[in-house]
Amino acid sequence: MPPGEAGGLSIQSARERWVKRTVISCLVGTAIAACVPPQDGLAADARAGQQKASICMSCHGVDGISGTPLVPNLAGQKEAYLIKALKDYREGRRDNAIMRSMASDLSDGDIADLAAFFADMPRKTK
Ligand code: HEC
């Protein structure tokens, strides 16, 4: 058996698969955050929120500032408001098909983490 090969699985091909998986996950629109380095100095809930927020960023922007007129900015929004908005979508009190489907699988803990993360982001200054 050539060096670097164990049980038919070479180290080289494992690394290639890892690279491929990473590249693909960075290319997929819903995984944009996988390419964004973790921010330092975030509280634990905000850091957990960042991991859950990759799908949100495809619409709300990687920096929480949306590039689309009818998609609101989330960066720097009040945390309690974000929690309320997400629960309202999840429970149907606020009616929007996109956000209802986004919020339907979120637990209260997910919502708290996401709200902490987006509330911590700097608002647009101009
Ligand atoms: C496919 C695009 C899309 C994705 C993905 C998405 N959103 Fe939204 N989001 C929207 C749109 C459009 C609205 C405005 C809906 C409305 O008019 O009520 C919105 C509204 C919101 C609001 C209300 C903001 C306000 O100012 O009232 C919050 C909070 C929010 N989204 C959070 C999230 C979170 C958290 C995620 C990820 C779990 C997410 N969104 C994923 C499109 C998206």
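1. Helices (H or I, at least four residues) and strands (E, at least two) are taken as DSSP runs, numbered from the N terminus. The model is predicted, so that local features need pLDDT of at least 70 and side-chain atom pairs count only at pLDDT 80 or more, while totals for chains, interfaces and linings use all residues. Residues are numbered from 1 along each chain as its sequence is written.

2. Around the ligand there are 17 residues, of which Cys56, Cys59, Pro72, Ala85 and Asn96 come nearest; a residue is near if its C-beta atom, placed from the backbone, lies within 6 Å of the molecule. Two or more residues of this shell come from each of α3 (54–60), α4 (79–90) and α5 (97–103), and α3 gives the largest share, with 5 residues.

3. By class, the shell around the ligand holds 14 nonpolar, 3 polar and no charged residues, where Ala, Val, Leu, Ile, Met, Phe, Trp, Tyr, Cys and Pro count as nonpolar, Asp, Glu, Lys and Arg as charged, and the others, Gly among them, as polar.

4. Helix α2 (residues 44–52) packs on helix α6 (residues 108–120) at an angle of about 100 degrees, with their axes 7 Å apart; the axes are lines fitted to C-alpha atoms over the stretch in contact, and angles run from 0 to 180 degrees between N-to-C directions. α2 and α6 are therefore roughly perpendicular, a label that covers 65 to 115 degrees. The residues of this contact divide into 6 nonpolar, 2 polar and 5 charged.

5. Ala115 touches Glu79, Leu82, Ile83 and Leu86, leaving aside residues up to four places away in sequence, with contact meaning C-beta atoms, placed from the backbone, within 7 Å.

How values were computed. Angles under 35 degrees count as roughly parallel, over 145 as roughly antiparallel, 65 to 115 as roughly perpendicular and the rest as oblique. Two residues are in contact if their C-beta atoms, placed from the backbone, lie within 7 Å.
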